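I opened the model to look up a few backbone angles and side-chain contacts. My entries are set down below the structure.

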Amino acid sequence: KESQALSGMVGEFLAFARPVSISTQSLDLVELVQFVVRDIRSVRPGNYELILKTCATAAVSCDPVLMRQVFLNLLINAIEATEEAETAGSKIEMNVDILRDVVRVEVSDNGNGIPSHLLPKIFLPFFTTKAHGTGLGLSLVQKIVLAHNGRIEAQSTQSKGTRMIMTLPQLN
């Protein structure tokens, strides 16, 4: 178990250190999100409810492997936030929608939230509030999203939860 943890940590360091090389293709982001949600439900079972709401289709140009990593990181963070909160009714919502010329993906949880003074630091490399975290997950997420000409931001209210909002250019 420790070997796997160390291997994962080394993998995160290497992924963050190297430049993001993307190999884009046209794909339906809704299908990718549905695939990731199925994966996360089987790989990370727990005492949480994961609700997925999507539009019918959302065409984007992206690297499916890197974007899958983004969604996995965001969902794992949300799951860990609800586990940390230890409240009954742990809930995670993932929404995919189209707003004008962008595809908007939101991942929200009802965990403890992020204190307002720490919110500006969450995308900084090596910043973490987790006892066993590397502080590279959200930095890597931001790096990948920016490489896809997208944006990501966080909104959080302490004791109520966090919402991660990502936008990517929509293909016409």
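The notes that follow begin with the model itself and then turn to individual residues.

I worked with a predicted model, in which local features need pLDDT of at least 70, side-chain atom pairs count only at pLDDT 80 or more, and totals for chains, interfaces and linings use all residues. Residues are numbered from 1 along each chain as its sequence is written, and side-chain values use heavy atoms, with hydrogens and water left out.

Entry: positive phi. I looked up R100 and found phi near 50 degrees, a positive value in a residue other than glycine. I placed R100 in the loop between β4 (91-99) and β5 (102-109); strands are DSSP runs of E of at least two residues, helices runs of H or I of at least four, numbered from the N terminus. R100 is exposed at 80% relative accessible area (exposed is over 50%, buried under 20%, partly exposed in between, with a 1.4 Å probe and protein chains only).

I then turned to N149, also not a glycine, and read a positive phi of about 60 degrees. N149 sits in the loop between α4 (137-147) and β6 (151-157), and I noted it as exposed at 65%.

Entry: E106. I located E106 in strand β5, where E106 is buried, with a relative accessibility of 13%. Its side chain makes a polar contact of 2.7 Å with that of R104 and another of 3.3 Å with that of R163. A polar contact is a pair of N or O atoms within 3.5 Å; within protein, one must be able to donate a hydrogen and the other to accept it, and residues adjacent in sequence count only if both atoms are side-chain atoms. Setting aside neighbours within four places in sequence, I listed E93, M94, N95, R163, M164 and I165 in contact with E106 (heavy atoms within 4.5 Å).
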